[in-house]
Amino acid sequence: MTVQIPAVNTKTFSIAPLRNVTILTELTMKLTERDLGLPGLGCFSGPSGYGKSVAVMYVANKCRAYSVQANSDWTRRHMCKVILREMGMPANGTIPELIETIGRELGASRRPLIIDEADALVTKGLVETVRSIYEETGGTGTIILVGEEMLPRSLEHWERVHSRMQIGMRLAEPCSLADTKHLASRRCAGITVAEDLLEAVHASANGSARRVAGMLSDIRQLAGDADIAQIDLKAFLDLGGEFNVGKSPVRGH
Amino acid sequence: MAAGRKPVHLTMSAKKPGGRQAIWEEIRKLRVFTVPQLALACKTHKKTVQSYIDCLCASGHVVETEEAILGQRVYRLDRDAGVEAPRVRADGSAVTQGLPREQMWRTMRAKSTADFDYRDLAMWASTDDVPVSEVDANDYVKNLAKAGYLILVAPTKGGRGSSIARYRFDQRRNTGPKPPMVQRMKTVFDPNERKIVWFPEVEE
């Protein structure tokens, strides 16, 4: 049985214009195209919900990066196994051998390695292992750690890692009004969302792209249920819409 | 006249890889080599090897040396690219065919907890260099769902308040980094497991 799907949009819509996607793309390009002799470790950090993982996904696609997500159960061996799996390579040998294999492959393929949720590396003492992998690339590889706001501070404890990140540290930015509009053009496709409502959504999200996306979905739902093609702030409130005002994440210095 | 390229399940299903991947692996092993040497090691026709070597010379991965052994030109690996055989054309440029599927597969694996429809997937997986069309995303999603990689969360609804089917990636079927391929026979081949994972039902 086939069901007619309305208006297939042939124009491709991408997440490239989102602020944090742009920032991480720039950082990755800067590192992969760096002059020989400059260090290739990077760090991208910011509060949860800012869209860092979405940015990682985009950059992984654009640069064919190996991307992995750390977690607090990782051991040194497990970390190596996960990375090798992402490279499509077998994980046979001792830990130093695995580190060497990963490093050589990163150096040869010139594809970046991005480790998301990298805060877990700090708590598990795996930062030094990342450095070992980087050293095995012969200084030609690119490794980017992505994590929460405090990650750069935590990394200061590993002087040898921190000093190799001079050119590659960027902070994630709060979701902008332009980001909000971009997200709305896809999330609320077919509905005209008035400027005042978009501004209210943006203001109440406290920079969280995740919260903006959630609220836009609510707006779409409300408008759909009420069967209206355009919605403004007043209509939204009249329909019983609520702003999801959570506690704001604390931004460090 | 040969019948064109063999279906992937014939070149990839054995223990050893076939095609250009096999030639590349031999090049990395030898570093310095001649075409007949590679052809023999890979049990491939010399012309097949030569055409790939020409591509690799154009892309700068391999260089032609001044030397010859038994009248055969000696080549040298100049720029290693890692385990994956470089996908390059005769003029040395990178092959972009297949990248949209790779991007979609990577995106689905990364967004493993969220559900999506094919339009979301096209958006998430598109980059400014390699856009993913909704038509392609729709086709790939349907095939992956058939082959059991995706779990149907909400089916397509027609009529008023219509919506398109939503899926979630089945993390248990996260077989590896290489995107499953939909073959001309409409079978689905998983290059990570090197086997056909779905056959079309025989129609009466």
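The following legends describe close-up views of a predicted model, beginning with the interface of chain B and chain A.

**View 1. Contact between chain B and chain A.** At this interface, 41 residues of chain B are in contact with 30 residues of chain A. The two chains bury about 2,800 Å² between them, and 51% of this area lies on carbon and sulfur atoms. Arg106(B), Met123(B) and Trp124(B) contribute 21% of the area that chain B buries against chain A, which is more than any other three residues supply.

View 2. Seven salt bridges are counted between chain B and chain A. One of them joins Asp129(B) to Lys62(A), with the closest N and O atoms 2.8 Å apart.

**View 3. The side of chain B that touches chain A.** Helix 5 (99-110), helix 6 (118-125) and helix 7 (134-146) of chain B each provide at least two residues of this side. By residue class, the side comprises 14 nonpolar, 12 polar and 15 charged residues.

**View 4. Cysteines Cys43(A) and Cys63(A)****.** A search of the whole structure finds zero disulfides over all chains. Cys43(A) is in no disulfide, and the nearest cysteine sulfur, that of Cys63(A), is 17 Å away. Cys43(A) counts as buried because its relative accessibility is 1%, below the cut-off of 20%. For Cys63(A), likewise in no disulfide, the nearest cysteine sulfur is that of Cys43(A). Cys63(A) has a relative accessible area of 15% and is therefore buried.

Technical notes. Residues numbered from 1 in each chain as written. Chains lettered and ligands numbered in written order. Predicted model: local features only at pLDDT ≥ 70, side-chain atom pairs only at ≥ 80, totals over all residues. Heavy atoms only, no water. Contact = heavy atoms within 4.5 Å. Buried area = accessible area lost by both parts, 1.4 Å probe. Salt bridge = Lys/Arg side-chain N within 4 Å of Asp/Glu carboxyl O. Helix = DSSP H or I, 4+ residues; strand = E, 2+ residues; numbered from the N terminus. Nonpolar A, V, L, I, M, F, W, Y, C, P; charged D, E, K, R; others polar. Disulfide = S-S within 2.5 Å. Buried < 20%, exposed > 50% of the residue type's maximum accessible area, 1.4 Å probe, protein only.
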